[in-house]
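Hi,

Here is the structure I promised to pass on to you. Please open it alongside this email, and I will walk you through what turned up.

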Amino acid sequence: MQDTVTTSALLDPSHSSVSTQDKSSTGGHTSSTSPQLSKPSITPVPAKSRNPHPRANIRRMRRIIAEDPEWSLAIVPLLTELCIQHIIRNFQKNPILKQMLPEHQQKVLKHLSPDLPLAVTANLIDNENYWLRCCMHRWPVCHVAHHGGSWKRMFFERHLENLLKHFIPGTTDPAVILDLLPLCRNYVRRVHVDQFLPPVQLPAQLRPGDQSDSGSEGEMEEPTVDHYQLGDLVAGLSHLEELDLVYDVKDCGMNFEWNLFLFTYRDCLSLAAAIKACHTLKIFKLTRSKVDDDKARIIIRSLLDHPVLEELDLSQNLIGDRGARGAAKLLSHSRLRVLNLANNQVLAINTTLTSINLSCNHIGLDGGKQLLEGMSDNKTLLEFDLRLSDVAQESEYLIGQALYANQEAARQRALNPSHFMSTITANGPENSVG
């Protein structure tokens, strides 16, 4: 019997304690006769020695030992997760979103690629977080505040602007822009384009019949440098409120030509018709585009009696007094609140006007600044009444200084007319030293 207990204890220490305890309970003479075997039965086996390898239990749970050390039958994805993963992988072919629970929609939108076609996502996804990822994926700098605080609106407005900036008439297919209208018409409210590319083929060869045409007709047509016509685009944007345009070319480098910076008559007529038909337009800006008096009057004529226009910006152009008179007529035939004609040629080329009275008019601070810019190059105006016109004191003071300079020059001319005449003829070829 003693041999049996010893053998079993060596083979399995965990069973030795149980067997010796059983024997000690059945007969005390056995434990007394073999004291060397009773000691292991009293001392319990430490917990660490019971499981010297902690990963042994994990390996017992795995029925298949795969090459991936993280794989285990203990982590089986839920059927819901498998379905969501399948929807994400096949979203372009089979877009499923509205039928899902809100928490499942969030999981799908979180993992969708920002490069999905707009035909799939435009009218289906309204989640702002998804469109935020799309914007950050395309543009490193994003000012969502300029787009009403909406990432989706920002994406479509900047995407449309990018297409317009790189559109080349006669080369780019117009369907590239027109096909986008059904997808973005409900989201675009502002269009800002600071570049319009001309056709690749600059001045074409004269046709035989062109030799008999008059020069004025040829100048009015300018068929080779017309830019993208905005009529169809503006008509398709049902919520357009702001249109900010600059007919310019950026980064032309060694390909510089003056023809690249022409705002043609055809461009002007097309744009005038487009903004006249856009009854939702509140802000219209056409700056740095070399708009002269004739083109300004065409634009202004199309805005007469516009139902909602509130701001017109024609600054940094070539508008003179005739264009300014057209703008003055617009003030009484529209709901205009802001008019910007800064950095033009209003009053700059006038050589006869000596007195202006604009008293008791609400010109305002901005109007005072524009009057000051107009006075910067004027040398003939002697009187300018701005009483009760809400012009800033600084503008009024500087206008007064310009008037004082003109009055002093006029006084000198009156005192020394011969000196004045010699100054006028100083650049003439017949002028002599004496």
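To begin with the sheet: how many strands form it, and in what order? Five strands make up an open sheet, and they follow the order β1-β2-β3-β4-β5 with parallel pairing. Please keep in mind as you read that this is a predicted model. The edges of the sheet are β1 (190-193) and β5 (338-340), each of which pairs on one side only. On average, neighbouring strands of the sheet are turned by 5 degrees against each other, direction ignored. In general, strands of a sheet pair through backbone hydrogen bonds, and the pairing can be parallel or antiparallel.

Strand β4 covers residues 311-313, and three bridges join it to β5, with the two running parallel. Within this pair, E311 stands opposite V338 in β5.

Next, a pair of helices. Helix α16 spans residues 265-277 and helix α17 spans residues 293-302; they pack at an angle of about 15 degrees, and their axes are 8 Å apart. Angles under 35 degrees count as roughly parallel, and α16 and α17 are therefore roughly parallel to each other. The crossing of α16 past α17 is right-handed.

Which residues of the two helices meet? From α16 come Y265, C268, L269, L271, A272, I275 and K276, and they meet D294, K295, I298, I299 and S302 of α17. Sorted by type, the residues of this contact are eight nonpolar, one polar and three charged.

N406 sits in helix α20, which runs over residues 393-415. Is N406 buried or exposed? Its relative accessible area is 5%, and buried means under 20%, so N406 is buried. Leaving aside neighbours within four places in sequence, N406 is in contact with M375, N378, K379, T380, L381 and L382.

G149 lies in the loop between α10 (128-138) and α11 (151-165). Its relative accessibility is 45%, so G149 counts as partly exposed; that class lies between the 20% limit for buried and the 50% limit for exposed. Not counting residues up to four places away in sequence, G149 touches E128 and V144.

Happy browsing, and do write back with any questions!

Best wishes

Key: Residues numbered from 1 in each chain as written. Predicted model: local features only at pLDDT ≥ 70, side-chain atom pairs only at ≥ 80, totals over all residues. Heavy atoms only, no water. Pairing = 2+ DSSP bridges. Helix = DSSP H or I, 4+ residues; strand = E, 2+ residues; numbered from the N terminus. Axes fitted to C-alpha atoms, helices over the stretch in contact; angles between N-to-C directions. Parallel < 35°, antiparallel > 145°, perpendicular 65-115°, else oblique. Left-handed = near helix turned anticlockwise from the far one by under 90°. Contact = heavy atoms within 4.5 Å. Nonpolar A, V, L, I, M, F, W, Y, C, P; charged D, E, K, R; others polar. Buried < 20%, exposed > 50% of the residue type's maximum accessible area, 1.4 Å probe, protein only.
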